[in-house]
Amino acid sequence: MADAPEIKKHTIAVLVENRFGVLSRVAGLFSARGYNIESLSVGETLDPAVSRMTLVVRGDAFVIEQVMKQLHKLIDVIKVIDLSEETHVEREMLLVRVNAEPSARAEVLRIADIFRAKVIDVTAASYTLEVTGEESKIEAMLELLRAFGIQEVVRTGKVAISRGPKTRTRKAEPPRKARVSDDPRVVGFAD
């Protein structure tokens with residue numbers, strides 16, 4: 001019997017035209033093929049005409065290859081990179097509201113300090129903490145806070161960037177003014 005293909009998490013960066021409906025088309029591509037997006041983060045780049053999507057998907061090499069090929073076929077997609085195949089840095093942000101009974105407040109603050117979390121809101125019965133880091137750091141902090149009673153968790157999803165210049169995008173040039181010679185209906189006239 002053949003070995004089953006290895007299923008891994010892949011972090012995929014996609015540069016797209018910053019237009020209406022692009023996110024919907026990318027998400028639709030995944031759902032139409034039965035692939036689950038575990039995490040999705042989207043934001044504008046230095047060029048306001050270009051957005052960057054960071055997707056986390058799970059699959060074997062064949063599935064990821066198919067996803068990459070399908071993404072390349074979308075009209076608004078500029079570039080697709082599987083960051084899992086190169087050295088990169090990734091982070092996630094977590095907001096967590098945790099019970100903070102008077103007897104446990106000091107311990108919750110100690111855990112926050114260990115993970116370099118910020119206390120961003122305080123009530124008589126809870127702390128809201130903000131922490132940024134790799135997924136393993138986020139999971140470790142949540143595991144320790146569970147003992148105190150977590151009221152609510154909000155996570156951003158992963159953002160990632162390669163350590164090299166591969167995903168650098170140049171700023172789009174402003175549109176130039178049309179000249180008479182640029183009009184396809186005008187032939188034979190000099191500027």
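Trainee: What is the relative accessible area of Glu135?
Mentor: This is a predicted model, in which local features need pLDDT of at least 70, side-chain atom pairs count only at pLDDT 80 or more, and totals for chains, interfaces and linings use all residues. Residues are numbered from 1 along each chain as its sequence is written, and side-chain values use heavy atoms, with hydrogens and water left out. A residue is buried under 20% relative accessible area, exposed over 50%, and partly exposed in between (1.4 Å probe, protein chains only). Glu135 is partly exposed because its relative accessible area is 26%.

Trainee: Which residue does Glu135 meet in a salt bridge of 2.9 Å, N to O?
Mentor: A salt bridge is a side-chain nitrogen of Lys or Arg within 4 Å of a carboxyl oxygen of Asp or Glu. The side chain that meets Glu135 in this way, at 2.9 Å from N to O, belongs to Lys9.

Trainee: How many residues apart in sequence are the parts that this pair ties together?
Mentor: Helices (H or I, at least four residues) and strands (E, at least two) are DSSP runs, numbered from the N terminus. Glu135 lies in helix H4 (residues 135–145), whereas Lys9 lies in strand S1. The pair therefore ties together parts whose separation in sequence, in residues, is 126.

Trainee: Which residues are linked with Glu135 in a network of salt bridges?
Mentor: The bridge between Glu135 and Lys9 is one of 15 salt bridges found in the whole structure. Linked with Glu135 in a network are Lys9, Glu38, Arg58, Glu90 and Lys158.

Trainee: Is Glu92, the partner of Arg155 in a salt bridge, buried or exposed?
Mentor: The side chains of Arg155 and Glu92 meet at 2.5 Å, N to O. This pair links distant parts of the chain, 63 residues apart, with Arg155 in strand S8 (residues 150–155) and Glu92 in strand S5 (residues 88–99). Arg155 is partly exposed, at 32% relative accessible area. With a relative accessible area of 8%, Glu92 counts as buried.

Trainee: In which helix is Glu139, which also forms a salt bridge with Arg155, found?
Mentor: The closest N and O atoms of Arg155 and Glu139 are 2.8 Å apart. The pair ties together parts 16 residues apart in sequence, because Arg155 lies in strand S8 and Glu139 in helix H4.

Trainee: Which strands stand at the edges of the open sheet of 4 strands?
Mentor: Two strands pair if DSSP finds at least two bridges between them. In this sheet the pairing is antiparallel and the order is S2-S3-S1-S4. Each edge strand has a single partner, so one side of it is left without a neighbour in the sheet; these strands are S2 and S4 (77–82).

Trainee: What angle does the direction of helix H2 make with that of S4?
Mentor: Strand S1 (residues 8–17) runs antiparallel to S4, and 5 bridges join them. Helix H2 (residues 61–73) packs on the sheet and touches S1, strand S3 (50–59) and S4, where contact means heavy atoms within 4.5 Å. Axes are lines fitted to C-alpha atoms, for helices over the stretch in contact, and angles run from 0 to 180 degrees between N-to-C directions. The direction of H2 makes with that of S4 an angle of about 165°.

Trainee: How many helices and strands does the protein have?
Mentor: Along the sequence, the protein follows the pattern β-α-β-β-α-β-β-α-β-β-α-β-β. The protein has 4 helices and 9 strands.
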